[in-house]
Amino acid sequence: MPADESSAASGTDRSRAGAAISRALTPPLLAGPLPAGPAPFAGLALRSRPATGSRRPPAPRGGRGAGTPPRPGRRAGVRQTYERARRAWDRPLTAYYLILGAGLLITVLGLVMVYSASMIKALELSRPSTYFFRKQFIAAVIGAGLMMLASRMPLKLHRALAYPLLAGTVFLMVLVQVPGIGMSVNGNQNWIYLGGPFQLQPSEFGKLALILWGADLLARKQDKRLLAHWKHMLVPLVPVAFMLLGLIMLGGDMGTAIILTAILFGLLWLAGAPTRLFAGVLGFAVLIGFLLIKTSPNRMSRLSCIGASEPGPGDSCWQAVHGIYALASGGWFGSGLGASVEKWGQLPEPHTDFIFAITGEELGLAGTLSVLALFAALGYAGIRVAGRTEDPFVRYAAGGVTTWITAQAVINIGAVLGLLPIAGVPLPLFSYGGSALLPTMFAVGLMIAFAREDPAARAALAMRRPGVRWKTMRRRVMKRPSGER
């Protein structure tokens with residue numbers, strides 16, 4: 001065979017072999033003649049594996065695309081939560097809602113605990129189980145009216161009531177010492193009988209009278225720039241306060257005298273009393289208190305019961321020790337509402353001075369911490385109102401009310417915990433006692449009025465009125481372009 005014919009035959013054989021291989025490797029759906037070109041297997045390569053230049057990056061495991069921003073970290077989430085809480089805390093109406101909410105919640109929870117703690121005591125006295133609760137409920141309803149009235153009264157009317165309230169309180173405190181009019185309860189001559197089951201303790205109203213009168217006095221002297229002289233700062237504030245203290249101590253009520261002294265020091269501190277003057281008055285008060293305690297065996301026995309874990313000789317520390325027993329048996333969440341054991345005659349005064357112990361036994365640590373948180377919120381709101389106002393009367397009155405409620409709560413709870421001597425003062429807004437509840441709720445209403453007087457709070461409350469909101473929305477609609485719907 002010639003050479004040219006052999007080469008042509010070999011080329012034909014190679015073409016047939018290539019076509020056979022292509023038909024064998026091409027999928028059935030794509031079977032057919034391959035396009036002419038130098039790379040007959042290019043289509044197969046593109047279908048089996050994408051080219052390197054067109055390969056897509058792998059998607060993240062979380063299922064998020066490449067353009068989706070990453071999730072914020074845990075620190076960023078905590079920071080955002082903190083910023084939101086701080087902005088909400090700094091709003092103009094924060095103090096207003098804290099005072100209103102905390103005051104009402106403490107009062108309502110106090111009503112529940114008074115009913116639970118006083119049932120057995122009422123049955124011991126051959127009374128219905130709701131005897132003390134009904135009296136406290138009536139006082140709470142009257143107190144709610146006083147709180148609403150005080151929150152709506154203008155500041156000028158509050159200042160005008162200061163002198164009549166002080167004069168009336170002094171007159172009633174003098175009547176307490178008149179035989180046949182004054183009554184003695186638990187060894188203290190500080191009650192006036194009103195008829196039926198109702199009694200009145202004028203010294204509780206003396207706290208409110210001292211605050212309003214002292215705030216008005218200091219505000220007028222500050223307007224005249226007289227507080228720079230120590231004589232004007234002390235006179236007549238300190239002599240009048242000592243007169244009230246003397247009338248209270250005639251009845252033997254040292255607990256109320258301690259609260260009144262704390263109010264006096266709170267007013268002096270807010271007025272900017274110099275350190276030497278403040279320390280001098282404080283030292284004199286401590287000396288008088290030491291002499292009063294030293295000369296009374298009853299007060300000395302109460303002082304010796306601080307931190308006691310056993311009733312002691314003659315059961316002198318019985319009440320303090322059983323208060324600790326009640327708190328210790330409550331655990332985390334308590335034994336249940338109404339399931340207290342200590343109120344069955346073991347703990348004296350379970351619905352008055354030691355109602356916090358019954359709360360700890362029935363509601364546990366969670367219940368007691370809730371009560372403490374409510375008092376802390378009320379105290380913070382009072383400090384905020386006193387610190388942000390420009391009116392001196394509002395500053396002194398708000399500071400005085402905050403000092404009163406906070407100091408009384410600390411003394412009562414400290415006595416229940418065994419950290420302070422038993423002073424015989426109720427827990428504000430919580431313990432049984434209408435004479436203590438009425439002026440305290442009026443003072444809470446006073447704080448609400450002060451919180452409303454803040455310019456920013458007043459503007460925020462005005463925007464929440466339905467008429468103002470409707471007018472504002474109507475103005476916004478009128479300003480829209482005519483093309484919008």
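Modeller: On the H11 side, Met254, Thr261, Phe265, Leu268 and Trp269 make the contact. They meet Phe278, Val281, Leu282, Ala285, Gly289, Leu292 and Ile293 in H12. Contact here means heavy atoms within 4.5 Å. The residues of this contact divide into 10 nonpolar, two polar and no charged. Nonpolar covers Ala, Val, Leu, Ile, Met, Phe, Trp, Tyr, Cys and Pro; charged covers Asp, Glu, Lys and Arg; the others, Gly among them, are polar.

This is a predicted model: local features need pLDDT of at least 70, side-chain atom pairs count only at pLDDT 80 or more, and totals for chains, interfaces and linings use all residues. Residues are numbered from 1 along each chain as its sequence is written, and side-chain values use heavy atoms, with hydrogens and water left out.

Now the geometry. Two packed helices are described by the angle between their axes and the distance between the axes. H11 spans residues 254–270 and H12 spans residues 275–294. They pack at an angle of about 175°, with axes 11 Å apart. That makes H11 roughly antiparallel to H12 (angles over 145 degrees count as such). The axes are lines fitted to C-alpha atoms over the stretch in contact, and angles run from 0 to 180 degrees between N-to-C directions.

Now the whole chain. It has 19 helices and three strands. Helices are DSSP runs of H or I with at least four residues; strands are runs of E with at least two. Of the 485 residues, 40% are buried, meaning under 20% relative accessible area with a 1.4 Å probe, protein chains only.

Note on methods. Parallel < 35°, antiparallel > 145°, perpendicular 65-115°, else oblique. Buried < 20%, exposed > 50% of the residue type's maximum accessible area, 1.4 Å probe, protein only.
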